[in-house]
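Hi,

Here is the structure I promised to pass on to you. Have a look at it first, and then read on for what turned up.

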Amino acid sequence: MNTNMYNSENDGLKQWFSQLPDTPLPPDFRTRMMKRIEMEAIRKTRRQTLCEWISVVLVSLSLIVLTVFCWKFWQFPTLHMPDIDLSSLGMSTFIGATALFLLLLDYRFRRWYYKRHGSKQE
């Protein structure tokens, strides 16, 4: 590696920083910086959670599709695909949507409870 290149860059930076005027930082600089760091940490955990949920959904859907494909096209002698009755499809969709809605409410309530009362055990 060429250390001369790094030294010349450092010299340039030192020269540039020496030209900057000495100004004091605002009194709330630390508070604002810590708040920004905290917000970035929250954003990172939310991003990770979203990626995890997307992964779980994609893997679940792929397993369901693979299972249906195997049942439909490999025609196992003991397994027969039942005919889907479309009249019960609406009721099944309603039950599934209700279950998902209740799970969402449970998740939100638990987040609210742990935020308010603290000491979440993970």
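Helices here are DSSP runs of at least four residues and strands are runs of at least two, numbered from the N terminus. Counted that way, the protein has three helices and zero strands, in the order α-α-α from the N terminus on.

Please keep in mind that this is a predicted model. Its mean pLDDT is 82, with 83% of the residues at 70 or more. Among the elements, helix H2 (residues 29–73) has the highest mean pLDDT, 91, while helix H1 (residues 3–19) has the lowest, 73. Where pLDDT is low, the predicted coordinates should not be read in detail.

The accessible surface is about 12300 Å², and carbon and sulfur atoms contribute 65% of that.

Cysteine 70 counts as buried because its relative accessibility, 15%, is under the 20% cut-off. Cysteine 51, at 45%, is partly exposed. The structure holds zero disulfides.

Which residues line the second largest pocket? They are Trp53, Leu100, Leu103, Leu104, Tyr107 and Arg108. Helix H3 (residues 89–117) gives the most to this lining, with five residues. By class, the lining has five nonpolar residues, one charged and no polar ones.

Best wishes

Terms used. Residues are numbered from 1 along each chain as its sequence is written. This is a predicted model: local features need pLDDT of at least 70, side-chain atom pairs count only at pLDDT 80 or more; totals for chains, interfaces and linings use all residues. Side-chain values use heavy atoms; hydrogens and water are left out. pLDDT is the predictor's confidence in each residue, from 0 to 100. A disulfide is a pair of cysteine sulfur atoms within 2.5 Å. Buried means under 20% relative accessible area, exposed over 50%, partly exposed in between (1.4 Å probe, protein chains only). On a 1 Å grid over the protein atoms alone, a cavity is a set of points where a 1.4 Å probe fits but cannot get out, and a pocket is an open set with protein on both sides within 12 Å along at least five of seven lines; lining residues have an atom within 4 Å of a point. Ala, Val, Leu, Ile, Met, Phe, Trp, Tyr, Cys and Pro count as nonpolar, Asp, Glu, Lys and Arg as charged, and the others, Gly among them, as polar. Accessible areas come from the Shrake-Rupley method with a 1.4 Å probe; for residues, only the protein chains shown count as cover.
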